[in-house]
Amino acid sequence: MLNSIILSYITFAYFFSFFFYLLMMVMHKEAFGRLATSITLAGFFGHTFAIVLRWIESYQLGIGRAPLSNLYESLIFFAWTMILLYIIVEWKTKNKSVGAFIAPIAFLTMAYASFSPAISSRIQPLIPALKSNWLIAHVITCFFGYAAFALAFALSMMFLLKKLDSPERKNLFLRIIPDSWLLDELSYQMVVIGFLFLTLGILTGSVWAYSAWGAYWQWDPKETWSLITWLVYAALLHSRMVRGWKGNKLATLSIIGFCCVIFTYLGVNYLPGLHSYAKS
Amino acid sequence: MARNGTVSKRTPPFLWSTFSSIKLTIFLLILVAVTSILGTLIPQQESAMKVVQSLSPSLVGFLDSLHLFDMYHSWWFRLIIGALALNLIVCSLDRFSSTLKRFRFTPSATREKPFENLPSEQRFLLQASFDSVTNHVGTLLKSKYKNVKRVDKEKTAFYFVQKGRLSHFGVYLVHFSVLLILLGGFAGSLFGFEAFVNILEGEGVDTVTLRKTRALKPLPFSVRCDKFSVEFYPNGTPKEYRSDLVFFKDGRIAFQSPLRVNHPITFEGITFYQSSYGTLPGNRVRLSLKREDTGDNAFVEAEINQPFPLPGREGEGLITEIKSDFMRMGPAVRLEIQPVAGEKIQMWVFKNHSMIEERFPGIFEKFPKLNPASFKPYTFFLNGTEARYYTGLQVSRDPGVPLVWTGFVTIIVGLFITFFLSHRMIWIQVSRLEKGVNVALAGTSSKNSVGLSREIGRLIAQIRGTMDDIPSSC
Ligand code: HEM
């Protein structure tokens, strides 16, 4: 299908934006940064176009459904939300260095979707259990949450890297990373957005499960891991809001949180028991 | 001594001080997260059965003594959740009075403290009359804030406005919602049930089987499935399962509706979900009878336990059992022949006769019970059994669901308030100077200082913007 061919090219676009963001940081040249931003924007528009095209193509196949229902589509959407949030962050902060950390995550996500032999990009019709507007709301909110956590993760990594910087050390790469307080604040804001969306994601997911199976919570591994992720970020928020923790401890918690996100999303498939998603 | 006395009076009881600690909260949140991991590594409930056989008995005994095969319903996991809930309640009560104080407290309009270290752009001089500036500031503030406080002292007018005081309660709404959801879950496990039932097409039931105990539970009404249907996509994946259900109350039809996946039906507080389906052999079979002597072929449609005459009046046939898969050799029926004179003869008649003959040559001759030719001169063949669909329904009642749904809505509202709204207080001083009118704005915010400075920036622009229209007197 045309959409998946376009999407596999978008993968390379994000690789090149990563490459030029990196070049900008190493060579300290604004021009590379501008180039990277242009590629990212172009990639994002192509990405959006391909998702819409996939939707249209599903109608042409007589299936007609939103492109948000299998692993391939969710990976594509995950990368899309990450890039969208990143573009907003770059535009708001006028700082391009975050791009060097988030673009590779988007690139890897797209590459995994497009080139892993285990993942089919075919548009398959929906089994009855997946035909639900709650499911669409669930996928959209979850992945906005995941994308915000991915940005918080990138910002936390940058925070820890920035610690290595000092005036004596004339490292251009480290110099260009924004000040620690800004990273800390931004990463906290991303966690806040992510937490709100993850909460919405878990809630819409349980409403869907209730309408499909008659139980809103069954402690299956996927549900449980989403709760674990939620608890880790709740602990992070409390330690910041109430105990006033900042800096290293918070960055570490944010990194642990993102590992939980990835495990909830992909790792759970290797555990005994199946998410209801795959059960029916 | 006296000093000790006062300390012990002020020190809250041990339990209270433990449970009002936010450190405990963080610890418990992490504890729930870490223990939950165990349950995703060790198969739970039904899936545990399969794994248990491959483990050593002592390990199984150990895991079982810790309830690790159903840990989310174990006493110790519930204890942790209970501690978290108690922690939440105690903390909220503990801090509520100080939150209420912050909510109620209105600071004086003439406070000077917010103006210490004021950024220079928040203090500016206007070339206009004092009255026109205060009029303008007064109407501007009234159009934007509910209560505008003004105090005049000597040559200065002091204004104070605030908004978002209610945002202090956002946290309580979030915590309350968490408790509501836990309470809903608890109510569901106490007063609800989860069961399932299979209904054959055309038949009705008035009991269901409980999932936990496998006990039968009577329903206060009966349900009949008139028809079950499956639709497929061209590629063979199922598209839709549908059961046409009819609910009977006191012998009369009370409600009828199709049930589809993702579209449950609730009747008298009990909810039905389409969850599976299958087929069972029905009551009717088709046999073909071949006469060896004449080579004639006859067909018979027979119903279970209803005798039918043999074509040549040699006796009566009777189907006594129908199996959809007999001894792994496919559909079969047990046929009983009562000849006009003599002993009853019993045999199994298979549908896949020739295939079985191929796989086990001579099997039919060896075992008279399996030989379809044991009543001369006939050889019996099974042409087909009628298949009947049954629909598999999940049946449950969960009185906690309304609480949980309410908690879902309020937790989102609460999170929004907590994260995105803040209590902002703004002080404005308008002073008459010789050179003109001096205006200064200062503010504080419970959080989100970026939003506050944006709000102050807008106020400054609005005050200056209109004032610049007034012709300056210099
Ligand atoms: C798992 C459920 C939660 C538990 C057990 C929990 C527990 C607590 C406790 C014990 C406190 C200290 C007492 C208090 O200030 O009222 C607290 C404070 C707080 N919690 Fe939670 N909480 C939970 C969920 C959340 C969530 C989801 C948020 C989302 C923002 C949140 C936001 C806050 C805030 C902002 C405070 C500080 C309140 C203050 O300083 O007055 N809590 N939490």
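In this predicted model, the side chains of B:R284 and B:E301 form a salt bridge with an N to O distance of 3.3 Å (a side-chain nitrogen of Lys or Arg within 4 Å of a carboxyl oxygen of Asp or Glu). The pair joins distant parts of the chain, 17 residues apart. B:R284 lies in strand β10 (residues 270–291) of chain B, and B:E301 in strand β11 (residues 297–303) of chain B. Strands (E, at least two residues) and helices (H or I, at least four) are DSSP runs, numbered from the N terminus. Over all chains, the structure holds 20 salt bridges. Across the interface of chain B and chain A, the rule finds zero.

At that interface, 47 residues of chain B contact 41 residues of chain A (heavy atoms within 4.5 Å). The two chains bury about 3,900 Å² between them, 74% of it on carbon and sulfur atoms. Buried area is the accessible area (1.4 Å probe) lost when two parts are put together, summed over both. B:T40, B:N262 and B:F419 supply 17% of the area that chain B buries against chain A, more than any other three residues.

Helix α7 (residues 180–213) of chain A packs on helix α11 (residues 401–420) of chain B at about 165°, with axes 11 Å apart. Axes are lines fitted to C-alpha atoms, for helices over the stretch in contact; angles run from 0 to 180 degrees between N-to-C directions. The helices are therefore roughly antiparallel (angles over 145 degrees). Contact residues include A:F195 and A:Y210 of α7(A) and B:W405 and B:F419 of α11(B).

Residues are numbered from 1 along each chain as its sequence is written, and chains are lettered from A in the order in which they are written. Local features need pLDDT of at least 70, side-chain atom pairs count only at pLDDT 80 or more, totals for chains, interfaces and linings use all residues, and side-chain values use heavy atoms, without hydrogens and water.

How values were computed: Angles under 35 degrees count as roughly parallel, over 145 as roughly antiparallel, 65 to 115 as roughly perpendicular and the rest as oblique.
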